[in-house]
Every structure is written in C-alpha cells, then in structure tokens.
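The briefing below is grouped by topic.

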Amino acid sequence: METVMGNGNGQATSGGRAANAPHSDLVLPYGDQRNDGVVQVSFTLPVAAGPLAEEAARQTMKLMGLEDPQVAEATAIGEEFTFFVGYGKLTRAVELSKLRVAAPMWEELDQAAVNQLVQDTLGRPMVVVGAATGSDAHTVGLDAILNYKGFAGNRGLEAYSAFKVVNMGSQVPNEELVAKARELGADAILVSQVVTERNVHLANLTNLVELLEAEGLRDQVVLVVGGPRITHALAIELGYDAGFGPSTRPQDVASYLAQEVSRRMLN
Amino acid sequence: MLKLSIDPKIVDKCHELSEDITSRVARELSSLSTVAIERTVARFAGVDGVTPDGVPLPNVVVNHLVEKGKIHDGVAMHLANACLALDKTPQQVAEMIARGETDLSAIEWQGTEAVTEKAREICQGSVDKIRARRAEREALLEELPVTETPWLYVICATGNTYEDAVQGRLAASQGADVIAVIRSTGQSLLDFVPHGITTEGFGGTYATQANFKLMREALDEESRKLGRYVRLVNYCSGLCMPEIAYMGAVERLDMMLNDAMYGILFRDINMERTFVDQNFSRMINAYAGIIINTGEDNYLTTVDAFGAGPSVLASQFMNYHFAKKAGLKDQQIGLGHAFEIDPSIEDSLSYELAMALLVRQLFPDCPIKYMPPTVHKKGDIFTSHVLDSNFNLVSVLTGQSIHLVGMLTEAIHTPLIQDRYLSVRAAAYMRRAAKGLGQNLEFKQDGLIDRRAASILNDTLKLLEEVSEKGLFAAITEGVFAGVKRLRTGGKGREGVFKKGEWYLNPVEEALRAELFS
C-alpha cells in the first residue's frame, strides 16, 4: 500500500478501505471507495483532434497531479480545438486538522429571534442601506437579500421588523452610497458586487472602505459585501466586516447583522 | 397539435387596451425629441469620428446647439444651413465646430425652403445605404438559407472584438445560428457611443460601429463557409438607443435588443427619454429589416417567475403595439420570455409549457425569443445542464423561434469554449429529437395546462385594465411592473429631452415614415 504525504506532514494510506477511521483526518477525492482519489476533469486544448491532441490531454492531466490519466472522450469542437473528458487518480491527501477556514462567526436565527435580538440591542430597527456600486448593473443578488420577496422561499430583510431597508439599486457611485448612509444614520451597509475575471471591481470595493474611513463612518457601520465570487476571507482582506458568497439566504445575512450589532454593543 | 383553448374575446380586449395605452403615450410625447435622436440625425448626415480628446463629433454638434439654445430646431436644419452658407459638408462643419471655428447660431439664415431641402438631401444618403444593406441581407438569406428552427442563439462576451470574432465563428461552426455580442457593463448609461475598434471591456465588449463591422465581416465569412447565414445581434438600449440603431442598420446587424420599458425599469433611465428614443430607434430597425428582441425575461429574473406571467404578457402586448406604431412588421417583433420557474415547484414543467405556448399562440407571426433558466442555476453545472434540457424540450415542443441557448456554467462565469459547444449540441439534439413531437400531441381539455394559461391571460387582462385606467406613466410610477417604481420626472438622461420648436425638422424620421407607412 502506497503511503502519501498530506499538505501538512501527516501520513495516509491510500487506495483502499484500510485507510478508514484512524486516519480520516487525511482525505482524498472519493470515487467509489474511500481514498481512491478518483477525479473527473474536462477541458479544451487548442489542438486539432487526433492522437497528438489525446496525448497532450494525458500529459495535461499528469501536470494536474493525476496518475493513470484516462481520456474518456475527445471531441473536435472546431478545427483547432479538442474537448476532453478525462479521469485520473490523485494520490496526495489533504490534512483537515491543518486547515484554517475563515467564515463569519454567527449562528442561524429565525426571523422572530432576529427581530427580538435587534429590539433588545437597539430598541429600534437597524437601518440597512444596500447598493450595487460602481459600474455594476447586477441587482439580482442584492434584491434577493433585501426585497420582501426574498429568495427560494426565504423572506428578504424588508420582511423583518428588525430592519429598515433602503435599496439604492444598481450602478450607485460610492460617494452617493456614503452620503445616503450618513443621511439615514445607517447601521449597516450591504454592497453587492460581481467581481469579474479582470478584478476591476476590487478597486471599487476598496475605494468604498477608504471613503468611509475618510468620512469617519467606517466604525459606525457593519460593512458587508456579497456576490458570486465573494468569500468571507476576501471581504476581510478588503477591509469589510463580512462577505457572503453564492447560495447565501436573506436569513444568513439577517442573523449575522443582528448578532454583529449585538456583539458591538456588548463590547 | 399542441394548442391551448383560449378565449379570443379576451385576447382582442388585451390588444385593444394595449393599443390605447401605447397610443396615449405616443400622443403625449409627440412634441418631444432628444439629444440622442439629434445625434442620430447628425450621423445620418455623415457626421462621424471623434475629436482629439475622444469626444464623438455627433455629440460635439448637438452639445453646441444645446449651448447656443438652438437644439429645438433640430440638428438637421442648422447643419444644412451651415452647409449652404459655408459650402461645406456636414462632416466639415462638425470639424469646424470642434475646432471652435464656427457658431451655428450666428450663421446667416439661407431661407427656410432652401435649408429644408438641403436638410433632406444630406440625410438621404444614409437612408439609401440602409435600404441597400437590407437588400444585401435578403440576397444572402436566399443564397445561404437557414432551415432549422428554433434558431440557436449564443452570446460572446470577451471584451475584445477580435476574440469575439474568433469565438463567434467557432460557435457558428458548432451549430449556432445567431451570435450576440454582450455589451460592456454600464454602456447603457453612457450618453455617447464609443468610437473605433475596442479590445478592453468589462463583462462584455463595447458596442461601436467599427466593432459591428468587424463582427459582421467575420460572420459573413463563416456563413459562406457553412452555407448558412449566421445572424448578428447587439443591444439597442440605454441612452444611445437610436444611434446604435443607426450603426446596426448600416453595418447590417440582424437583430437588436430593443425594449420599450427596460431602460426605465432596470436602468433608471428617464421615462420620456426612453419612450421617445425607443420609437425612433424602432423606426430605424424597422426600415433596416432588423428583428427586435424585447426583454420580458427581466420580469422573470427579478421577481418570482411563478407569479410573473401576467406582467410578462402585459408587457409583450405593449411592446408589440409600440413596435407596430414604429412601423415594425410582426415578423420583426421578437417578443421575449424565459424559462425561470423555480424547479422545486411541483409541475413547474407544465407551467412553463403553458406560458411558452400561450405566448406562441397569442403572437403567431412574431419570432418569439425564448430565454433559458438562469436564476435557479448554481455552481452545479450538471444539474444546470439537466434544467437546460427541459428548457430545450419546451422550446421545441411549443415552436419558439429564437432559442437563447442556456449555458451549464451560467451561474459561474462567461461561457468557456466547451460550455458553448456542449450547450449548443444539447439544444441541437432536442431540435432533432423532438422535431415533430408537438404536432402529434394534444393537451387534455381544461386540464392543468389549459387552466394555467387561461388564468394568466385573465390576470393579464386585469393588469392591462389597471394600466389603461391609470395610464402607463402612472402605472410605472406605482411600481406595477417588476415592482420597480420610477418617476416621470426622474431617472437618467432627462436633461436630454426637449420640446420641438416651431421650425423643427427631422428629415430622417420624415423619410422613414414615408417608406414604412406608405
């Protein structure tokens, strides 16, 4: 049995059911048995279909760290392009206990509990200003979180007595957002942002933090960013209090906001 | 054959109400023009290019007239007057304005009759050119016929026109019939059209005349190779609707996204600006033989799609009547809708079927554009592909005309090369596999699907009655559509709307009207 190294320094056995409970800290992809390491990949090479393309695909999979690469399908999708579906085995394991994961620290509360917590903390609704800033025209995510209707049966923040919501919509300049937050005495700012491949939107997110700091408002608001490519870790790095990625429900954001204001009041 | 039992009296009533609603808007706004329309007229007169600072010359001319308080006469009269007085072409006059060498308001008036005649003359060349481009498309369609329906429509969005051309040709070779180039984020809010070839965009590629030309040439080449004419689409929306229409017309684009209310609701563009620009841009599209695509899919993506049926239909009725008023033929009115009902709802497929067939049946001669699921797609590309498969089936079964191919990676990124290939192949498979299926099936009379369609139609009538009673402006103000409230006096681009003066002339509109309504 082959012994492999984790990305920590732990050791694991792989390739069989033997590597069970005692070493469950070390994980490999699961195909049809524990730690067989089987993964499925698909990709395109700018090479005309044929034996050369297939060999290039196998080598590509080897470069990914896959052993025993198999090309299951090679299809010409243009004169100079071949699409591959392939399988291979990973042998290097991840050691779970060595991993550090950033996630917002909050518990899930139901609507009544959120309303109660905000009432107990502030004695009034929390003022939440939301906007898709800069050149961003996408408001689907922001609307899903804020609007009464919500998302997938989970009511939006407008449905909570705990929140007074102002949704500024799309393509809002950071300056306008900050001015609105000041005018309304916002307790929280929710920014929706689609970060594109070219990362043009990151600068815009950073710019908002700088503006808030310059206006002396940064510490007075809970600053949250959400979007399909946002992670909590990225949000922290950019100077936000929390970040929410895909599949976030309004209840997640509501729970976080209520607990965060409460935590700040206690501190 | 699949057919819904619907009450023709309700349909007639919906048409009557929408005709009335849209006529009232048209009447109320007939005394208005906009800076975008005047820039378009300047382009018809041959004004093109940019200043050394990158300001488009049509903007220079129109801004100059606004500053001099003369815009209410229309750009054509002042350009024509200057051409006569200075013995220059409109382009030369525009360049002189840019250099600060002339003031159109200070040039001696050459006589109304002579100026009017000259105004018509300077715009006629572009009108003739558009007619020729239309004839060229008709000839190409004869030579390179497109035989299968629905047409498979895919999107390119690399930001770089050269790369779009590569991807567009590749998608066509993989089976796509229609290539749309998505615009750079936020272009709809620019009050000018960027100039020249562009290679940098955000989430899309800038719509410019040079980019249109390059893309059309690439697709012409591919069309010849495939023996099948590949259509090109862009976005005739936002603050420059009519200018983009002009550019699309002279560069022989084939379709334009061109909705009567989209800009108001989803981009917060001023209502009057949108309706006035919309009408003129549609006249240009009508004359150029372009198929417009309306954007009712947006109602389905912003609110819960299950309940949005009536607002989609009501908007389609109004878009249809606005379009007819601009001279578009039914065959040019690509009303839009989408497959967006939450798949966790029991019988969601039956509800989609009911809606798709209802739209198809209500507008039998319109090339209906059906858009794929997006809202309920997440990172699981395999499940997304399954969802698209159901969408493909409903589309073929109900005889939709323009099928926007759903992407399995919709929720993640702009399509990778293989995403487009897999999606087009799946749609082409369904087009083949279910080709005659709809012809051989019937619905159970008064069953789930019939009843669903009847209830949507009834609610549409109620909604149109409400809009008719309030008037469209007030209805939008109260948030009747997509829950979005807009004020008549609010929104972007309002400062660009002006009242036409006593001597106002738009010779392009005059010429198009004569051609379209003769």
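Because the model is predicted, local features need pLDDT of at least 70 and side-chain atom pairs count only at pLDDT 80 or more, while totals for chains, interfaces and linings use all residues. Residues are numbered from 1 along each chain as its sequence is written, chains are lettered from A and ligands numbered from 1 in the order in which they are written, and side-chain values use heavy atoms, with hydrogens and water left out. Helices (H or I, at least four residues) and strands (E, at least two) are DSSP runs, numbered from the N terminus, and two strands pair if DSSP finds at least two bridges between them.

**The sheet of chain A**

- The strands β5 (residues 67–78) and β6 (residues 81–89) of chain A run antiparallel and are joined by 8 bridges, with A:Thr75 standing opposite A:Phe83 in β6(A).
- β4(A) and β6(A) also pair in the antiparallel sense, over 8 bridges, and A:Val39 has A:Gly88 of β6(A) as its bridge partner.
- Helix α1 (residues 51–63) of chain A packs on the sheet and touches β4, β5 and β6 of chain A, where contact means heavy atoms within 4.5 Å.
- The direction of α1(A) makes about 135 degrees with that of β5(A); axes are lines fitted to C-alpha atoms, for helices over the stretch in contact, and angles run from 0 to 180 degrees between N-to-C directions.
- Taken together, 3 strands form an open antiparallel sheet in the order β4-β6-β5 (chain A).
- Since β4 (38–45) and β5 of chain A stand at the edges with a single partner strand each, one side of each is left without a neighbour in the sheet.

**The sheet of chain B**

- In chain B, 9 strands form an open sheet with parallel pairing, in the order β7-β6-β5-β4-β3-β2-β10-β9-β8.
- Its edge strands are β7 (333–334) and β8 (336–338) of chain B, each of which pairs on one side only.
- Strands β3 (residues 178–181) and β4 (residues 231–235) of chain B pair in the parallel sense over 3 bridges, and B:Leu232 in β4(B) is the bridge partner of B:Ile179.
- Helix α8 (residues 209–226) of chain B lies across β3, β4 and β5 (255–257) of chain B, running at about 160 degrees to β4(B).
- Helix α16 (residues 417–433) of chain B also packs on the sheet, touching β2 (151–156) and β10 (402–404) of chain B, and its direction makes about 170 degrees with that of β2(B).

**Helix pairs**

- Helices α15 (residues 381–397) and α16 of chain B pack at an angle of about 35 degrees, with their axes 9 Å apart.
- The residues of the contact of α15(B) with α16(B) divide into 6 nonpolar, 4 polar and 1 charged, where Ala, Val, Leu, Ile, Met, Phe, Trp, Tyr, Cys and Pro count as nonpolar, Asp, Glu, Lys and Arg as charged, and the others, Gly among them, as polar.
- In chain A, helices α2 (residues 111–122) and α7 (residues 250–266) pack at an angle of about 25 degrees, with their axes 9 Å apart.
- The contact of α2(A) with α7(A) is made by residues including A:Val114 and A:Leu117 of α2(A) and A:Ala254 and A:Ala258 of α7(A), and the residues of this contact divide into 8 nonpolar, 4 polar and no charged.
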